[in-house]
Amino acid sequence: MDLLQYCLSKPGAWQDEPWEGDVVAKVGDKIFAFVSADSVTLKCGRNREEADELVHVYPDEVAASAYIGRYGWNSVKTGGAVPVDELRELVDISYDAVVAKLPKSKRPTA
């Protein structure tokens with residue numbers, strides 16, 4: 001599965017490289033996924049406690065993200081124990097959480 005392509009298939013999603021070598025998927029002007037060759041970082045909860053639920057299910061595959069983990073972001077290994085359909089669902093959750101925070105004028109219409 002090409003996770004970046006899945007991210008970019010979301011309404012209004014676009015690819016950016018805000019830091020050299022760091023590919024992200026954005027909606028509006030906000031990041032909803034940091035995508036690398038072996039992991040993806042996503043918003044997995046409203047706070048650290050909610051995001052930790054996924055860490056408890058997949059302790060060897062999911063970890064709080066550096067710097068932004070306290071805000072509910074997790075780094076999830078790809079190609080491991082987390083099933084593809086669950087990875088897609090996590091992308092959907094992250095995307096929906098970011099879209100909900102956008103001003104109505106910046107939200108995608110599809």
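Strands E1 and E2 of this predicted model form a hairpin with two residues between them, and Gly-21 in the turn has a positive phi of about 85°. E1 covers residues 13–19 and E2 residues 22–27; the two run antiparallel and are joined by five bridges (strands pair if DSSP finds at least two bridges between them).

Residues are numbered from 1 along each chain as its sequence is written. Local features need pLDDT of at least 70 and side-chain atom pairs count only at pLDDT 80 or more, whereas totals for chains, interfaces and linings use all residues; side-chain values use heavy atoms, without hydrogens and water.

The chain contains three helices and six strands (DSSP runs of H or I with at least four residues, and of E with at least two, numbered from the N terminus). Their order from the N terminus is α-β-β-β-β-α-β-β-α. The radius of gyration is 13 Å, close to the 13 Å that the globule rule gives for 110 residues, so the chain is as compact as a globular protein of that length (C-alpha atoms; the rule is 2.2 Å times the number of residues to the power 0.38). Along the principal axes, the C-alpha atoms fill a box of roughly 40 × 30 × 25 Å.

Of the 110 residues, 37% count as buried (under 20% relative accessible area, 1.4 Å probe, protein chains only). Among contacts with a separation of 6 or more, 49% come from residues 24 or more positions apart (contact means heavy atoms within 4.5 Å).

Notes
Buried < 20%, exposed > 50% of the residue type's maximum accessible area, 1.4 Å probe, protein only.
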